[in-house]
Amino acid sequence: MSLVHRRDRAANYAVIIAIVLTVLLSFAALAVDVSYMRLAALQAQNAADAGAHAALVAYRRTSDEDEARGVAMEVLSQNVIVGTSVTIDENSDITFGGWDYELGEFDPNAAFTNAVKVEVARNASMDDGPINLLVAPIIGYDTTDVAASATGAVRSRDVMLVLDTTRSFKDEIGDAKDALLAFLDYMYNEGETAPMDRIGLATFVGSGDLHTELTYIDSNYQDIYDTWEDEVDYCEDLVWDMHYAAEMPDCCAPTTCTIWPPPYWWTAGTNQSGGLEVASEHLIDNGNPYALKTIVLISDGQPCCWSPGMIPSCDATRTNAGYVEADYAYANDISIFSVSFNYPYNATQSAYMDDLTRGYGAFYETPDQEDLPGILAAIAAEIPIALVEVD
């Protein structure tokens, strides 16, 4: 009897072991292939992200969808999904359109193009086929599909130019005006791919003035150009201009304009903080909340009241106010470029203008007013094209 029982137990153990091995192998298949599928999904997403980024950069540079698709396809081909190079249909899987930041939606039929969507997949309908699983076939699962998509968009840009229009800039104002127009031209040349970019202008002498509100460049280029070409001039925003124009044909000093004593001297001099304040407040109050915000400051002097050194406490107040306004702009996600026309050279002026830069902004300087248009065109090229992964 006992021998029979021993044989029965051995048979039972064999059955149990077979069941346990099946369960263990199933879990092993699950563990291995889940990790494998996750790797495939990650690689597909990385490929889609890279393709969307490449297409968007190329389109921003060339305004040519076919060329941008070609660049994206080249980048995608350098990516793999579990050992196989990515292949997609460039005509159906790369789509250009518009991204609405407010609604959070991609529209392939939008009136403007600022976004691209790339879709990557491996399934039975494609030449590469689905993903072949490693261990799961032992439990009846041979393949799995994988898919990923990425949508990238370009953030619009709101730019405020801030121009020094003091009397000391009189001889250079023509080149400064050409610099504004060169900046406008550069941004307009990208208008087809940046229809939501806007530009504005603030000027300052002893106080700041909003000359041009933020305006869409693509649809208003000629109006902006004509306005700046016709109207930008030195001393244009002096508060006292409205009352004493007849006495100051050459933006003369207060003591020779018969407007002494104070407070009229406060409106004279050079006050970068006034221009920065006007530009910052306008960007904050009227800027697109999704836009990349930038100030470009152009000046030829140090902060001072109507005559440098005549009222030291006033000069110091304006100097400190410039730092305060620059910090305030940066705290509100506004970057600042500064351009110093510095002739004859003054180290204090250089240091001050350099210290006003913020964020991705940079400092430029020249002793030659004819360099100003080239400098502003270079700055226009350096304002980042912010690519945002939105999906």
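Colleague: Where does Ala68 lie?
Modeller: Ala68 lies in helix α2; helices (H or I, at least four residues) and strands (E, at least two) are DSSP runs, numbered from the N terminus. Bear in mind that this is a predicted model, where local features need pLDDT of at least 70, side-chain atom pairs count only at pLDDT 80 or more, and totals for chains, interfaces and linings use all residues. Residues are numbered from 1 along each chain as its sequence is written, and side-chain values use heavy atoms, with hydrogens and water left out.

Colleague: Is Ala68 buried or exposed?
Modeller: Ala68 counts as buried, at 0% relative accessibility. Buried means under 20% relative accessible area, exposed over 50%, partly exposed in between (1.4 Å probe, protein chains only).

Colleague: And what is Ala68 in contact with, leaving aside neighbours within four places in sequence?
Modeller: Ala55, Ala58, Tyr59 and Phe96, where contact means heavy atoms within 4.5 Å.

Colleague: Which other residues in α2 are buried?
Modeller: Besides Ala68, there are Arg69, Ala72 and Leu76. They sit on the same side of α2 because they cover an arc of only 100° around the axis, the arc being that of the directions from the helix axis to the C-beta atoms.

Colleague: What caps the N-terminal end of α2?
Modeller: Asp64 does, with a side-chain oxygen 2.9 Å from the backbone nitrogen of Asp66.

Colleague: Switching to α8: what should its 20 residues span?
Modeller: Helix α8 (residues 312-331) should span 28 Å at 1.5 Å a residue, and its end C-alpha atoms are 29 Å apart, which agrees. The expected span is 1.5 Å times one less than the number of residues.

Colleague: Which residues of α8 are buried?
Modeller: Cys314, Asp315, Arg318, Gly322, Glu325, Ala326 and Ala329. Their arc around the axis is only 120°, which puts them on the same side of α8.

Colleague: What do those buried residues pack against?
Modeller: The buried residues of α8 pack against α7 (272-286), β13 (334-341) and α9 (347-355). On the face turned away from the buried side, α8 carries the exposed residues Pro312, Ser313, Val324 and Ala331.

Colleague: What follows α8?
Modeller: Asp333, whose phi is positive, near 65°.

Colleague: New topic. Which strand is Thr294 found in?
Modeller: Thr294 is in strand β12 (residues 292-299), and at 0% relative accessibility Thr294 counts as buried.

Colleague: Which side chain does a polar contact join to that of Thr294?
Modeller: That of Tyr360, at 2.4 Å. A polar contact is a pair of N or O atoms within 3.5 Å; within protein, one must be able to donate a hydrogen and the other to accept it, and residues adjacent in sequence count only if both atoms are side-chain atoms. Leaving aside neighbours within four places in sequence, Thr294 is also in contact with residues including Asp158, Leu283, Phe337 and Ile383.

Colleague: How many helices and strands in the chain?
Modeller: The protein chain has 10 helices and 15 strands. Of its 391 residues, 46% count as buried.

Colleague: What's the mean pLDDT?
Modeller: The mean is 83, and 80% of the residues reach 70 or more; pLDDT is the predictor's confidence in each residue, from 0 to 100. Over residues 237-250 the pLDDT is below 50, though this stretch has 38 contacts in the model beyond near neighbours in sequence. Residues 252-266 are also below 50, with 35 such contacts. Where pLDDT is low, the predicted coordinates should not be read in detail.
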